[in-house]
Amino acid sequence: MSGAPRFSLRQLAYFVTIAEAGTISEAAQRLHISQPAVSLALNDLERALKVQLCVRRKAHGVTLTPTGTQVLHRARRLLRQAEDLEGEAGAGEGALAGVLSLGCYVTLAPTVLPPLLQGFSALHPGLTVDFAEATQDVLQRRLLSGELDLAVIYDMDVLPEMARAELFTMRPHILLPADHPLADRESVSLHELAEEPMVLLDAAPSSHHALGLCHAFGLVPRVRYRPTSYEVARALVGRGMGFSILVQRPSNDRTYEGFRVVIKEIAEPVRAEAVLLAWPRAVTLNRRAEEFLRYCRRAALPAGARPEPLGAQESQA
């Protein structure tokens with residue numbers, strides 16, 4: 001067949017493993033084959049594509065060339081499509097099979113992921129959902145590199161290359177220790193906390209968002225602590241070591257240590273923040289991803305969320 005490619009899916013899979021492992025020897029171990037076989041597959045792939053994909057140095061492993069990086073992204077997508085074809089062909093009409101790779105922003109994961117995974121898996125028992133938790137900059141890079149199909153993120157610092165569907169919105173709030181002098185108030189002004197230490201969740205884009213809110217109302221917060229973990233931020237607030245500005249609203253009002261924290265609405269006019277399901281604009285969603293998007297629109301929402309109309313259209317902007 002004259003139009004058949006001169007490379008194989010196996011060669012692409014070996015190349016992806018080499019890129020992820022960083023060395024030929026580590027790739028061979030992961031693939032359970034010999035190093036010469038891995039090197040030969042890489043050489044054959046480069047010969048078929050007529051490009052250099054890697055720079056190989058004995059003491060430093062392999063480094064992708066710019067072309068190699070581009071090919072890596074395409075290779076991941078081709079392999080994913082091949083898995084789709086194999087899974088759908090063997091699953092029977094209407095059934096979903098294979099693997100859905102899902103990312104989720106770290107603070108959303110504890111409350112958003114479990115119900116979505118449980119409900120979707122119950123509907124599609126033949127499907128495997130792999131998930132990764134990370135900050136939004138990392139998740140978006142992994143989406144663009146083809147490592148993830150979809151990611152649940154906030155509508156903050158979203159790259160223009162991303163398509164998105166809005167799932168629900170949540171209003172940011174102030175978190176205070178239960179014994180704070182303002183703890184009995186329904187809402188608290190940011191200006192009332194201007195002289196108090198701030199616990200800033202330093203996991204992009206949460207830090208940008210919290211600081212942006214303060215700056216929008218003419219405040220420069222006294223940031224005392226910069227935890228990268230949501231629960232550490234809550235723990236510091238629980239001990240009275242500062243206040244925090246957060247979006248996620250867990251049902252539990254206790255920290256891991258058992259200290260009580262209270263959520264207070266922000267008195268200033270602040271907008272609700274959208275939670276999105278995002279994917280690269282250049283990628284057509286496979287059937288697994290389409291079904292997951294459809295399910296997410298109808299799933300139970302976390303506390304404090306406001307649903308969008310089920311008929312809302314995805315944005316390609």
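**Exercise 1. Decide whether E46 is buried or exposed, and list its contacts.**

Step 1. E46 has a relative accessible area of 10%. Buried means under 20% relative accessible area, exposed over 50%, and partly exposed in between, with a 1.4 Å probe and protein chains only. E46 is therefore buried.

Step 2. E46 sits in helix α3 (residues 35–49). Helices (H or I, at least four residues) and strands (E, at least two) are DSSP runs, numbered from the N terminus.

Step 3. Leaving aside neighbours within four places in sequence, E46 is in contact with V51, Q52, L53, C54 and R56. Contact means heavy atoms within 4.5 Å.

The model is predicted: local features need pLDDT of at least 70, side-chain atom pairs count only at pLDDT 80 or more, and totals for chains, interfaces and linings use all residues. Residues are numbered from 1 along each chain as its sequence is written, and side-chain values use heavy atoms, with hydrogens and water left out.

**Exercise 2. Work out the strand order of the open sheet, and find which strands stand at the edges.**

Step 1. The open sheet has four strands in the order β8-β12-β7-β11, with mixed pairing. Two strands pair if DSSP finds at least two bridges between them.

Step 2. β8 (187–188) and β11 each have a single partner strand, so one side of each is left without a neighbour in the sheet.

Step 3. Helix α8 (residues 230–238) packs on this sheet and touches β7, β11 and β12 (261–266). The direction of α8 makes about 50 degrees with that of β7. Axes here are lines fitted to C-alpha atoms, for helices over the stretch in contact, and angles run from 0 to 180 degrees between N-to-C directions.

Step 4. β7 (residues 173–177) pairs with β11 in the antiparallel sense over three bridges. H173 stands opposite L246 in β11.

**Exercise 3. Describe the two cavities and their linings.**

Step 1. Two cavities of 30 Å³ or more are present. On a 1 Å grid over the protein atoms alone, a cavity is a set of points where a 1.4 Å probe fits but cannot get out, and a pocket is an open set with protein on both sides within 12 Å along at least five of seven lines; lining residues have an atom within 4 Å of a point. Grid points are joined across faces, edges and corners, and a volume is the space filled by probe spheres set on the points.

Step 2. The largest cavity holds about 100 Å³. Its lining has 14 residues, and L201, S206, I245, L246 and V247 lie nearest its centre. Two or more lining residues come from each of α7 and β11 (244–246). The largest share, three residues, belongs to α7.

Step 3. By class, this lining has 10 nonpolar, four polar and no charged residues. Ala, Val, Leu, Ile, Met, Phe, Trp, Tyr, Cys and Pro count as nonpolar, Asp, Glu, Lys and Arg as charged, and the others, Gly among them, as polar.

Step 4. The second largest cavity holds about 60 Å³. Its lining residues include L190, C214, L219, R222 and F243. The classes here are eight nonpolar, no polar and one charged.

**Exercise 4. Describe the largest pocket and the second largest pocket.**

Step 1. The largest pocket holds about 310 Å³. Of its 16 lining residues, R77, R80, Q81, V283 and T284 are the closest to its centre. Helix α4 (residues 66–91) gives the most to this lining, with six residues. The lining divides into seven nonpolar, four polar and five charged residues.

Step 2. The second largest pocket has a volume of about 240 Å³. Among its lining residues are V16, E20, R76, R80 and E147. α1 (9–21), α4 and β3 (98–105) each give two or more residues, and α4 has the largest share, four residues. The division is three nonpolar, two polar and six charged.
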